[in-house]
Amino acid sequence: MNYKIMKLFCMFDLPMNNKKEQRAYRKFRKQIMNQGFIMMQYSIYVKTCNNRDAVENAKRKVKAVSPKDGNVRLMEVTENQYMNIELIAGTESVREKMANKNGLIVL
């Protein structure tokens, strides 16, 4: 088992043209947040995973709750790659700062 800490990004663009689509969006967002994803910016969420098995498990869970319409993408990066993200405008959210400091968030 590989114990390399990873970050898993979930990026999505879901239609919200009617109440059914809006409900699907809210449900999906709530479900990924319950899985430990935190909002990095609108429609981009990130989760810390302790190893490759945790990444694969998180991917399966996101796939299981993804709405059929719209666009959902997953991208994994190492902790080192994540730490090289350059913020050029705006500030980190409180949750994002906590996740970066601790590597893991428990709410």
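**View 1. Phenylalanine 28 is buried, with a relative accessible area of 1%.** Buried means under 20% relative accessible area, exposed over 50%, and partly exposed in between (1.4 Å probe, protein chains only). Phenylalanine 12 is buried as well, at 5%. The model is predicted: local features need pLDDT of at least 70, side-chain atom pairs count only at pLDDT 80 or more, and totals for chains, interfaces and linings use all residues. Residues are numbered from 1 along each chain as its sequence is written, and side-chain values use heavy atoms, leaving out hydrogens and water.

**View 2. The count of aromatic pairs comes to 4.** Rings of Phe, Tyr and Trp (its six-membered ring) pair if their centres lie within 6.5 Å; planes under 30 degrees apart are stacked, over 60 edge-to-face, and the rest tilted. Phenylalanine 9 and tyrosine 82 form a tilted pair, 5.9 Å centre to centre with 45° between the planes. The pair links strand S1, which holds phenylalanine 9, with helix H3 (residues 79-83), which holds tyrosine 82, 73 residues apart. Helices (H or I, at least four residues) and strands (E, at least two) are DSSP runs, numbered from the N terminus. Phenylalanine 9 is buried at 6%, and tyrosine 82 at 5%. Phenylalanine 12 and phenylalanine 28 have ring centres 5.1 Å apart and planes at 90°, so this pair is edge-to-face. It joins strand S1 to helix H1 across 16 residues. Phe12, Tyr25, Phe28 and Tyr45 make up one aromatic cluster.

**View 3. Four strands form an open antiparallel sheet in the order S2-S3-S1-S4.** S2 (38-41) and S4 (71-78) are the edge strands, each pairing on one side only. From one strand to the next, the twist averages 30°. Two strands pair if DSSP finds at least two bridges between them; S2 and S3 (residues 44-49) have 3. Methionine 39 has tyrosine 45 in S3 as its bridge partner.

**View 4. Helix H1 (residues 19-34) lies across S1 (6-13), S2, S3 and S4.** It runs at about 175° to S1. Helix H2 (residues 52-65) lies across S1, S3 and S4, at about 175° to S4. Axes are lines fitted to C-alpha atoms, for helices over the stretch in contact (heavy atoms within 4.5 Å), and angles run from 0 to 180 degrees between N-to-C directions.

**View 5. Glutamate 21 lies in helix H1.** At 18% relative accessibility, glutamate 21 counts as buried. Leaving aside neighbours within four places in sequence, glutamate 21 is in contact with Pro15 and Met16. Glutamate 21 and glycine 70 are 49 residues apart in sequence, and 9.5 Å apart C-alpha to C-alpha.
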